[in-house]
4 protein chains.
Amino acid sequence: MKVSIVGASGYTGVELIRILSFHEKVSLNQIVSRQFAGKKLRSVFPHFSKSRYEDLIFDEEFDLDSDLYFLCLPHEPSLELVKQLTEKGKKVIDLSASYRIKNKNAYPEYYGFEHKYPDLLEKTVYGLPEIFREKIKKADIIANPGCYPTATLTAVYPAVKEGVISGDKIVVNALSGISGAGRALKQQFHYPEAFGNSYAYNPVKHRHTPEMEDVIKSISGKNIKVRFTPHIIPVSRGMIATVIFETDLKKDQLVELYRLEYRYEPFVRIVSRPPQIKDLIGSNFCDIYVDFDEKTGQAVVISAIDNLGKGASSQAVQNMNIVLGFNEEECLKDISLSSILFP
Amino acid sequence: MKVSIVGASGYTGVELIRILSFHEKVSLNQIVSRQFAGKKLRSVFPHFSKSRYEDLIFDEEFDLDSDLYFLCLPHEPSLELVKQLTEKGKKVIDLSASYRIKNKNAYPEYYGFEHKYPDLLEKTVYGLPEIFREKIKKADIIANPGCYPTATLTAVYPAVKEGVISGDKIVVNALSGISGAGRALKQQFHYPEAFGNSYAYNPVKHRHTPEMEDVIKSISGKNIKVRFTPHIIPVSRGMIATVIFETDLKKDQLVELYRLEYRYEPFVRIVSRPPQIKDLIGSNFCDIYVDFDEKTGQAVVISAIDNLGKGASSQAVQNMNIVLGFNEEECLKDISLSSILFP
Amino acid sequence: MKVSIVGASGYTGVELIRILSFHEKVSLNQIVSRQFAGKKLRSVFPHFSKSRYEDLIFDEEFDLDSDLYFLCLPHEPSLELVKQLTEKGKKVIDLSASYRIKNKNAYPEYYGFEHKYPDLLEKTVYGLPEIFREKIKKADIIANPGCYPTATLTAVYPAVKEGVISGDKIVVNALSGISGAGRALKQQFHYPEAFGNSYAYNPVKHRHTPEMEDVIKSISGKNIKVRFTPHIIPVSRGMIATVIFETDLKKDQLVELYRLEYRYEPFVRIVSRPPQIKDLIGSNFCDIYVDFDEKTGQAVVISAIDNLGKGASSQAVQNMNIVLGFNEEECLKDISLSSILFP
Amino acid sequence: MKVSIVGASGYTGVELIRILSFHEKVSLNQIVSRQFAGKKLRSVFPHFSKSRYEDLIFDEEFDLDSDLYFLCLPHEPSLELVKQLTEKGKKVIDLSASYRIKNKNAYPEYYGFEHKYPDLLEKTVYGLPEIFREKIKKADIIANPGCYPTATLTAVYPAVKEGVISGDKIVVNALSGISGAGRALKQQFHYPEAFGNSYAYNPVKHRHTPEMEDVIKSISGKNIKVRFTPHIIPVSRGMIATVIFETDLKKDQLVELYRLEYRYEPFVRIVSRPPQIKDLIGSNFCDIYVDFDEKTGQAVVISAIDNLGKGASSQAVQNMNIVLGFNEEECLKDISLSSILFP
């Protein structure tokens, strides 16, 4: 099978090249990047020297020789490209947000454009395998989830599915490494300014909130609101979501519920102390810790992922493995370089 | 006036020496540290060379020549020392937790010791000047607040005081630099392991929770519960508290409430974008951002401090300035070294 | 006395504002920045709120009301401005490189422009007070040294002056925090890429080399060549220069030579273990460690500074204090926030 | 084939477990650690959950069931264990320094112990495959090189071998991430103190110097002295060696010499800009940049490695692959997670 990466020079594209370098069932047919068109992979990114695709040359335009396309583009170009590729019968895994939300009215408000293809939106499957695996198997268009929604939804799915959340809202505080903001230069991410710094941003209106609420509704049928505050932390990669919700279950029941739901999942680990991002970097795992605050009657569920791994590129490969019928774990077994002790 | 620092070799003690090096009204009479007894300040901490107290020698035991004592000791030794010094008529500013909580029953549960001096506990004033300035002026024992309580209480005080919090709980997620854990060596704070790492800890039972609830009750008379999740972020200094509570006020009303309450405060700044910890490092400021989530009906108040500054040592000096009758801002005008742009 | 900062929004300009906020003898008359013209200091840089110059408004153009001008501009605009201001009888401290090198032929090769004002170049004094203090007192134009030359020249000056360097070359390896590259955005300084990274750059031809060689020649009369390799380290501020040269002196003699030379210097500290950059951040000190390798017959001299402090802005203030006849230490007594133990 | 790791809980031991988790030709028979004896790998290091050896239990003592032993122990215990294992006919790869230097007189001076087994020292092969591959194939005892010697020797080998270094000394300045100092807690590596810090250490007498000089002599027959200054940089992993030596060759000749020497090496890459440590993390590569300073007549060779990779554990696996007759690249194809652009 042949695959292409369109937008291959951003962080998610480069991470896809790294992962696919070890995939035994697919070959990387094309890497597309206007910025680097005509250059060899190894001359732009020297760390790929002496690896499988070192001599691959960035193309300016995509061709139609591949079976599946990873789109690592901004939202609007992706909107169009999904349509073009689908019409040619190609499978598409879209890492942008352009097909993530079923409710098309959310796009103008949160992304600033009209969604012109509601029919395609309807057919798109949200690529969170732990929730939608069966649908992913048959999908033509897979909307690869945002990093915050991946961490948050994996942390609430068992509770949402079993209907154990009391009330109509959850509070999510999340921390993200800066690679989540992409490779485009910004003053606040210039090293001397981001070094040693941390802050909340978009505290009442973040684009990923409707994506979370949309999926929660599709699981539960309920309008559960997400009070979401994202924070920047000064690391390159890594993400934590701390989720608080009211519930009548106690700690043991909650832990049991989560263990049961995820018992066969290859990439979800229920851990016995709050997860540390260093345990996840470079891997496709999502670690989840479950606790209960007796005093306030609230569950505290904390999840962690690599925002470029399970939060983007390795999850995209997991989706590819599913939709192309490979072993879901193929080339996704990397262990974090971490050397963290259990505190 | 003469002052002493007992436990002068930990992070808060060293920061006190740095700040007091520029205080024109007090002289540092004694720095006490068993570990470094007999050594000159500059030989242990070379960065003090060519500064005011470079030749001061660490003493093994404290004498009684000072007017005021800063205690930078573990909780239990501090418990005793406060008593001894008070009996000699000395003013004490205690940076440990040993006199912070009025309810003496909290000590065995949260700190593992019985509080033997309930009478002194009664007389102690909680050293958060923005709330208890008038009492601090006349205090003999000042319990210098914990860093998390400082950030959180400053963020909720106007709302608590005016009774605009609906319901009986608030959700606080906080981020702390690692200096907050002190200078004692621990595996999880060994550089190669803490580098690039972040995680929640003590997610349902942190020692600072009763301290917060105790003060909130003393202001409001109500039992408002704090759902508190602290997180480690990989910086040396800096702290953020993101506070969520239900309220009927809207954004403009909330901002107005906060501006009004803090309008004469020299060290509280109401800021127009979420505060960044780099704006605070080395200063005594607390920056507060106020917002409202229309969708969930919740206020989002975000505060930031330097955990060793307003969260410990510079706040202790602010308390000293108040109790000794100096200008409250004396030697506390440092500006952060930050070069952060408004994003 | 009134002073102006032209180019007040870069790192060195902002650091000058911070330092001058505490200067009792001068008032900051004007801060000039095209980018932020018309905006208040505190609205662009919120960490200046509640400080002395918070309400100062950035001007688009400089006026002639000040006695002394700090130029924090790119090299070519600075070249012209120095001329204009000098003609009006103003004192100028130029933080660019445009007047640093006496040999005007070096400019086209290293900076890409012809130096049009050799007469002004002749009159300019190189603003390294430890070497040129007497000349600085009477200067009209002070070329504030580069950060690498400051660290290197301070480390070699006693040896060069006393003629104890054998042979005709020294080897300098230097490490610099990223703020040394300024505030302009570059891909390699985007946080996710610079995080955890380090590398040498310009390994055989760095702009600061002729500046170093020029000053060494002016002291010794000899053409001593500098083999200079700079490296980026992933911190915001801080610089180390490790200097190796052949000599017949032994360790004790070298240490004695350095102690003697710098015995009255307020900002040079001869330290007994290799200097740590955290001891210098935010200060105007230069720490120097002197050793001798018996096996190879080479001196090893290691210096450290804050590249934005002694390497730029606080050194500029030191020069101002000298040229305007103030106490040289005025408002330059900051102690690093460090809490480093002697290892 | 079965292998054991003795001292499996330090950084090099844990990294070996990670790498060997993907080796198809050997099985990890035993992980030995007194500290964690009786505990499962995944309970001590949760990031190994759901990986191949997650259920392996740390043993207190080693058994004799394996074919090859990796020793990740302090120097003195390793000295003895090599002897014991060799007597039983086992292959040993020793990651300590206890057999690295042929000259046994260096041990008391640099390591503080007498080397009791000069006969074994004689038989030991120094495990730098790029230099000693043929000897490694037949070795029973392989002394795995130190990280600084690996970076330095790889950078000088072609020049030393071809005799193009003029004079009798080279100057090496090296930068190391803190994991190189191991997992034992030290004040200067406590996160709040190491954060943002950098400094030289052991500037005239570092233990790795005789190891370098010993190998250089064994290649060239000459006593070339190494003037070595190591520096700590605030990252977890990564190492750079900047090597300066006099030579009559020009840049093109030097580059050609290095390309030729290393043209068949799978893990050495001659790069066209100074290497960046992020290109190496988690990999077994050594990147080398070669340049020449016309002005001083000196070569500038800069190499970079992951100190825990090519500088320790992955090099140990490379040695194992050679001595056990496997494909030398087996399970060593990891690509760094880097996303660094060519600047």
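Modeller: Two residues are said to be in contact if their C-beta atoms, placed from the backbone, lie within 7 Å. The model is predicted, so local features need pLDDT of at least 70 and side-chain atom pairs count only at pLDDT 80 or more, while totals for chains, interfaces and linings use all residues. Residues are numbered from 1 along each chain as its sequence is written, and chains are lettered from A and ligands numbered from 1 in the order in which they are written.

Chain A is divided into domain 1, which takes in 2-144 and 309-323, and domain 2, which covers 147-305; such bounds come from an automatic or database domain assignment. The C-alpha centres of these two domains of chain A are 24 Å apart. Across the boundary, 21 residues of domain 1 of chain A are in contact with 26 residues of domain 2 of chain A. On the domain 1 side, helix H4 (106-111), helix H6 (129-137) and helix H11 of chain A each supply at least two residues, where helices (H or I, at least four residues) and strands (E, at least two) are DSSP runs, numbered from the N terminus. H11(A) gives the most to that side, namely seven residues. By class, the domain 1 side holds ten nonpolar, seven polar and four charged residues; here Ala, Val, Leu, Ile, Met, Phe, Trp, Tyr, Cys and Pro are nonpolar, Asp, Glu, Lys and Arg are charged, and the others, Gly among them, are polar.

Strand E1 (residues 2-6) of chain A is joined in parallel to strand E3 (residues 68-71) of chain A over four bridges, and Ile5(A) has Phe70(A) in E3(A) as its bridge partner. Axes are lines fitted to C-alpha atoms, for helices over the stretch in contact, and angles run from 0 to 180 degrees between N-to-C directions.

In chain C we can follow how H6 and H11 pack on each other. Helix H6 (residues 129-137) and helix H11 (residues 309-323) of chain C pack at an angle of about 40°, and their axes are 9 Å apart. From H6(C) come Pro129(C), Arg133(C), Ile136(C) and Lys137(C), which meet Gln318(C), Asn319(C), Ile322(C) and Val323(C) of H11(C). This contact is made up of four nonpolar, two polar and two charged residues.

Chain A also meets another chain. The contact between them takes 43 residues from chain A and 43 residues from chain B. Several elements of chain A supply at least two residues each to the side that touches chain B, including strand E7 (165-176), strand E9 (225-232) and strand E10 (239-247). That side of chain A has 21 nonpolar, 14 polar and eight charged residues.

Chain C, in turn, can be laid on chain B by a turn of 180° and a shift of 0.0 Å along the axis, with an RMSD of 0.0 Å, which is the relation of a two-fold axis. Of the residues of chain C, Gly196(C) comes closest to the rotation axis, its C-alpha being at 4.2 Å. Between these chains, 24 residues of chain C are in contact with 25 residues of chain B. Helix H1 (residues 11-20) of chain C gives the most to the chain C side, with three residues, and that side has eleven nonpolar, nine polar and four charged residues.

Definitions and conventions. Copies are superposed by least squares on the C-alpha atoms of residues with pLDDT of at least 70 in both. Two strands pair if DSSP finds at least two bridges between them.
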